[in-house]
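Hello,

Here is the structure I promised to pass on to you. Have a look at it first, and then read my notes below.

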Amino acid sequence: MGHDYIKTVVAATCTTAGYTSYTCSRCGNTYVGDRTSATGHSFDENGVCTVCGYTKVDSISFVDTSTNTVNADAGTILIISPVTLAEFSAEIAAGTWTVTAADGTAVTDEDAVGTGYSVSNSTGTTYLIILKGDVNGDGKVNASDARLTLRTAAMLETLESVYFSAGDLDASEKISASEARTILRVAAKLENF
């Protein structure tokens, strides 16, 4: 007796590739095929995706690459180069702000500030941090980020939310192999963002 495959289609979303999973009803053998690219966001005039509700990071955030510039746009803060909490805090204007790691733990002055960290004040204003190139949220731009970005471009992994934005260097709403290359070159100190 041969295989009798049952197929399950997983549709592509704005940021996640689609695919079809095939499972044999007789022996349980499985494989994945028919991969499709993520569809990309469809933004309205307010920068909100009409499909998934994602709020676009204003592309102006990607213009100033000469310093550790912090831009507050669409509920996010974009950091161009890795910084410690002390360095980040020095760039914030007036007010008392608290930085919390993505897992909810406190951050010390010596800790690196990474993608997915939150910054909030006493009035309840909260921003999520995007460290350009830091797709894994460890506060560094290194080969691990380049690998994860390349795996995302090849539709083997999925990046979502601010982690997707950290890897979408050209603000095209898609992750490409050239962005993985750029992240690797930045990690190797061969170029800057």
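**What I found**

Following the sequence, the protein chain runs β-β-β-β-β-α-β-β-β-α-α-α. That makes four helices and eight strands. Please keep in mind that this is a predicted model.

On the chain as a whole: of its 193 residues, 37% are buried. Taking contacts between residues at least 6 apart in sequence, 44% join residues at least 24 apart. The chain exposes about 10,200 Å², with carbon and sulfur atoms supplying 51% of that area.

Next, the surface. Val10, Tyr19 and Val32 make up a nonpolar patch there, and together they have about 200 Å² of accessible area. Val32 belongs to strand β3, which covers residues 30–36. With a relative accessible area of 40%, Val32 is partly exposed, and a residue needs over 30% to be counted in a patch.

Then the charged pairs: how many salt bridges does the structure hold? There are two salt bridges. One links the side chains of Arg151 and Glu157, at 3.0 Å from N to O. Arg151 is partly exposed at 25% relative accessibility, and Glu157 is partly exposed too, at 31%. Another pairs Glu191 with Arg185, where the closest N and O atoms lie 2.6 Å apart. Glu191 has 26% relative accessibility and counts as partly exposed; Arg185 is also partly exposed, with a relative accessible area of 26%.

Best wishes

How values were computed. Residues are numbered from 1 along each chain as its sequence is written. This is a predicted model: local features need pLDDT of at least 70, side-chain atom pairs count only at pLDDT 80 or more; totals for chains, interfaces and linings use all residues. Side-chain values use heavy atoms; hydrogens and water are left out. Helices (H or I, at least four residues) and strands (E, at least two) are DSSP runs, numbered from the N terminus. Buried means under 20% relative accessible area, exposed over 50%, partly exposed in between (1.4 Å probe, protein chains only). Contact means heavy atoms within 4.5 Å. Accessible areas come from the Shrake-Rupley method with a 1.4 Å probe; for residues, only the protein chains shown count as cover. Patches are made of residues with over 30% relative accessible area and no salt bridge: like charges are joined within 9 Å, nonpolar side chains (Val, Leu, Ile, Met, Phe, Trp, Tyr) within 5 Å. A salt bridge is a side-chain nitrogen of Lys or Arg within 4 Å of a carboxyl oxygen of Asp or Glu.
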